[in-house]
Amino acid sequence: MQEKRRDRLVSAPRTYSRIQLMRYFLRNPREFGLMVGITTNFLRKRGILFRSRREKVGPQSQSLFWQDYPTVPLQEWLKNFDHGCNKSSLAMPNFDIYKAENQKRLDILSYQMGGAGSMELLYTLCINQRVRTVAESGVAAGWSSLAILMALEELGRGTLWSNDRPYIGLGSRRDIGLVVPPELKKNWKLMIGSDHRNLKRMLRRASPIDLFHYDSDKSYEGRTWAYPLIWESLKQGGWLISDDVQDNSAFLDYFVDKLGLEPTVIDFENKKIGVVQKN
Ligand SMILES: C[S@@+](CC[C@H](N)C(=O)[O-])C[C@H]1O[C@@H](n2cnc3c(N)ncnc32)[C@H](O)[C@@H]1O
């Protein structure tokens, strides 16, 4: 019985039953905006609502709007990334060892948390750019937070602002940032709640920001709502890293079509990470 329940939860990190969702929204009426987003997505996927030119989900449409955009493998980009940094002074931690050690803590959870962002990319950028203020949306187990906090520790200063809400109907706030050790938490300001509730407040408090890691609401609506706010809060020369941009066309629509920029898109573990610098 116990095993059955675990299987069901493990296989459903992102798909919630309608009852779980209804219960969540009844308890959190302030998250009305998120409910509208989820409902709109649901109706669009079933063709009940029309879709915008590029806003489509599914592998076929993904490849359509990403096929012409050049990408670079992570290791190649890291090798060529310099920006005035003396690489010999950069001792890159072995993140695989951290992952293996922390996996034990995650194994006791009855559900699976969202996958890690690229720790190497975040760590390297934070060190190279000698960041002071970093912010992120989407913490889950806390791999990206761990990489950023390790970089701040190495730099001997700086603050990481993070916002996350537990997986709806599955997680608890105690699980958020599970892999971050207590000694690294001194430079961490963690807010709990949906992006719609907390993002603007977090950006107001943290800005101007050197680097923002976006890894929370990956829907088209979520991204098109958040990107302009984040962009506005970045310092001149600051960076936005956005995970899983291949999910839909929001990243291209905003940064390429609307702002006329040429972001770098990195291939990493079968997904794409968008990287843009504000110049
Ligand atoms: C992929 S995980 C983050 C992984 C994390 N960056 C890491 O490297 O370990 C996505 C997280 O974003 C949260 N999330 C999704 N939509 C959200 C929203 N609208 N507001 C706040 N958090 C959200 C999920 O609950 C989950 O904790």
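Helix axes are lines fitted to C-alpha atoms over the stretch in contact, and angles run from 0 to 180 degrees between N-to-C directions. Helices (H or I, at least four residues) and strands (E, at least two) are DSSP runs, numbered from the N terminus. The model is predicted, so to speak of local features a pLDDT of at least 70 is needed, side-chain atom pairs count only at pLDDT 80 or more, and totals for chains, interfaces and linings use all residues. Residue numbers start from 1 along each chain as its sequence is written.

Eight strands form an open sheet with mixed pairing, in the order β1-β7-β8-β6-β5-β2-β3-β4. At its edges stand β1 (72-73) and β4 (188-192), each with a single partner strand, so one side of each has no neighbour in the sheet. Two strands are taken as paired if DSSP finds at least two bridges between them. In general, strands of a sheet pair through backbone hydrogen bonds, either parallel or antiparallel. Strand β7 (residues 264-268) and strand β8 (residues 271-277) pair in the antiparallel sense over five bridges, and I266 stands opposite I273 in β8.

Helix α8 touches β2 (133-137), β3 (159-164), β4 and β5 (209-214), and its direction makes about 170° with that of β3. Helix α9 (residues 195-206) lies across β2, β3, β4 and β5, and runs at about 170° to β3.

Next come the helix pairs. The axes of α7 (residues 119-128) and α8 (residues 143-155) come within 8 Å and cross at roughly 25°. These two helices are therefore roughly parallel to each other, a term for angles under 35 degrees, while those over 145 count as roughly antiparallel, 65 to 115 as roughly perpendicular and the rest as oblique. From α7, the residues M119, L122, Y123, C126 and I127 meet a set in α8 that includes W143, A147, I148, A151 and L155. By class, the contact of α7 with α8 has 12 nonpolar, one polar and one charged residues. Here Ala, Val, Leu, Ile, Met, Phe, Trp, Tyr, Cys and Pro count as nonpolar, Asp, Glu, Lys and Arg as charged, and the others, Gly among them, as polar.

Helices α9 and α10 pack at an angle of about 10°, with their axes 10 Å apart, and are therefore roughly parallel to each other. D195, L199, K200 and L203 in α9 meet G222, A226, L229, I230 and S233 in α10. This contact of α9 with α10 has five nonpolar, two polar and two charged residues.

The axes of α10 (residues 220-233) and α11 (residues 250-258) come within 9 Å and cross at roughly 30°, so α10 and α11 are also roughly parallel to each other. On the α10 side, Y220, R223, T224 and Y227 meet A250, F251 and Y254 of α11. The contact of α10 with α11 divides into five nonpolar residues, one polar and one charged.

Two loops hold backbone details worth a look. The peptide bond from S207 to P208 is cis, with omega near 5°, and P208 is found in the loop between α9 and β5. D244, a residue other than glycine, has a positive phi near 55°; D244 is placed in the loop between β6 (234-242) and α11.

Finally, 21 residues surround the ligand, the closest being G114, G138, A140, W143 and S144.

Terms used:
Near = placed C-beta within 6 Å. Contact = placed C-beta atoms within 7 Å.
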